[in-house]
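User: I would like to learn how to read salt bridges in a protein model. Please take me through one case.

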Amino acid sequence: MASLSIASLISFFSEEKKSIRKGENHYKSDHVKSLLYQQGVLRGEVQASMKKKVYKVTIYLDEQHEIKLSDCECPRGAFKCSHAAALFIHGIHNLSRTDVECQWRKRISNTSLSAQAVTEMFPPP
């Protein structure tokens, strides 16, 4: 995964600069409760600033990891809300280039993990 960029955040929220400021406040106040990245989608939960409510937020990214669309359960959710900005900012600071879903899902059988003595593994000639 390419890292998330501040340029993508500013580009997506260009008409909603207030959402970026409020999102940064959410991030600094530890309102982001969870974050999951999977196949170009960021999902998480962000606590509302004035209530004991937690909103589920989803951010869809394109192939270049630019924000395509955001969705939030809050009343402003369809209008590039601060909760989406907070989740993305949290992702900028906490996702690594190696945070991708593992592609190997096959379990290793316990029989292949049995202990062997060195002499069994490498018998003398």
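**Reading the salt bridges**

Analyst: Start with Lys-80, which is partly exposed at 21% relative accessibility. Buried means under 20% relative accessible area, exposed over 50%, and partly exposed in between (1.4 Å probe, protein chains only). This is a predicted model: local features need pLDDT of at least 70, side-chain atom pairs count only at pLDDT 80 or more, and totals for chains, interfaces and linings use all residues. Residues are numbered from 1 along each chain as its sequence is written, and side-chain values use heavy atoms, leaving out hydrogens and water.

User: What is a salt bridge, and how many does the structure hold?

Analyst: Side chains of opposite charge can pair when their charged atoms come close. The term requires a side-chain nitrogen of Lys or Arg within 4 Å of a carboxyl oxygen of Asp or Glu. The structure holds three.

User: Which residue does Lys-80 meet in a salt bridge?

Analyst: Its partner is Glu-15, at 3.3 Å from N to O. Lys-80 lies in the loop between β4 (67-72) and α3 (82-94) and Glu-15 in the loop between α1 (6-12) and α2 (17-28), so the pair ties together parts 65 residues apart in sequence. Helices (H or I, at least four residues) and strands (E, at least two) are DSSP runs, numbered from the N terminus.

User: Is Glu-15 buried or exposed?

Analyst: Glu-15 is exposed, its relative accessible area being 59%.

User: Where do Glu-24 and Lys-28 lie?

Analyst: Both are in helix α2, four residues apart, about one turn of the helix.
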